[in-house]
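Hi,

Here is the structure I promised to pass on. Have a look at it first, and my notes follow below.

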Amino acid sequence: MDVGEAFGRVLRDERKRAGLTQEQLALMCGYQRNYVSLLERGIHQPTLRTVFDLAAALDCDPVAMVAGAYSLFEKPAHNR
């Protein structure tokens, strides 16, 4: 799994834990619903500002979101 997909999975899990739809989360952050969908599918990767905005809306720690993505991310063989 690449880094974008890993973060997308964490984002989706946190959004569902919070009981929000993609549209609700997007509205809370001032983003388009399509952008949240692209993030969750790993098509787009967030900026640091975006990670902070999403974490604030989801009432979770942005560091925990990144750490969760890192744990799912398949590191290249030369980094193992």
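R49 is exposed, with a relative accessible area of 54%. One caveat before the rest: this is a predicted model, so please read everything here with that in mind. R49 forms a salt bridge with D53, and the closest N and O atoms of that pair are 3.1 Å apart. Both residues sit in helix α4 (residues 48-58), four residues apart, or about one turn of the helix. D53 has a relative accessibility of 22%, so it counts as partly exposed, since the buried class stops under 20%.

How many salt bridges does a search of the whole structure find? The search gives three. Besides R49 with D53, there is E14 with R17, where the closest N and O atoms are 2.8 Å apart. E14 and R17 are three residues apart in helix α1, so about one helical turn separates them.

The remaining pair is E40 with R15, with 2.5 Å between the closest N and O atoms. This pair links distant parts of the chain: E40 belongs to helix α3 (residues 33-40) and R15 to helix α1, 25 residues apart. Are E40 and R15 buried or exposed? E40 has 7% relative accessibility, so it counts as buried. R15 is at 8%, so it counts as buried too.

Now to the helix packing. In general, two packed helices are described by the angle between their axes and the distance between the axes.

For α4 and α5, the axes come within 8 Å and cross at roughly 110°. That is why α4 counts as roughly perpendicular to α5. The crossing of these two helices is right-handed. On the α4 side the contact is made by V51, F52, A55 and L58, which meet P62, M65 and V66 in α5. By class, the residues of this contact are seven nonpolar, no polar and no charged.

The loop between α4 and α5 is where you will find D59. D59 has a positive phi of about 55° although it is not a glycine. As background, most residues other than glycine have a negative phi. D59 is also exposed, with a relative accessible area of 70%.

Helix α5 packs with α1 (residues 3-17) as well, at an angle of about 130° and with the axes 8 Å apart. That angle makes α1 oblique to α5. The crossing of α1 and α5 is right-handed. Which residues meet here? From α1 they are A6, F7, R9, V10 and L11, and from α5 they are M65, G68, A69 and L72. Sorted by class, this contact has seven nonpolar, one polar and one charged residues.

L72 touches M1, A6, R9 and V10, leaving aside residues up to four places away in sequence. L72 and A6 are 66 residues apart in sequence, while their C-alpha atoms are 5.5 Å apart in space. With a relative accessibility of 30%, L72 counts as partly exposed.

That's what I have for now.

Cheers

Methods:
Residues numbered from 1 in each chain as written. Predicted model: local features only at pLDDT ≥ 70, side-chain atom pairs only at ≥ 80, totals over all residues. Heavy atoms only, no water. Buried < 20%, exposed > 50% of the residue type's maximum accessible area, 1.4 Å probe, protein only. Contact = heavy atoms within 4.5 Å. Axes fitted to C-alpha atoms, helices over the stretch in contact; angles between N-to-C directions. Parallel < 35°, antiparallel > 145°, perpendicular 65-115°, else oblique. Left-handed = near helix turned anticlockwise from the far one by under 90°. Nonpolar A, V, L, I, M, F, W, Y, C, P; charged D, E, K, R; others polar. Salt bridge = Lys/Arg side-chain N within 4 Å of Asp/Glu carboxyl O.
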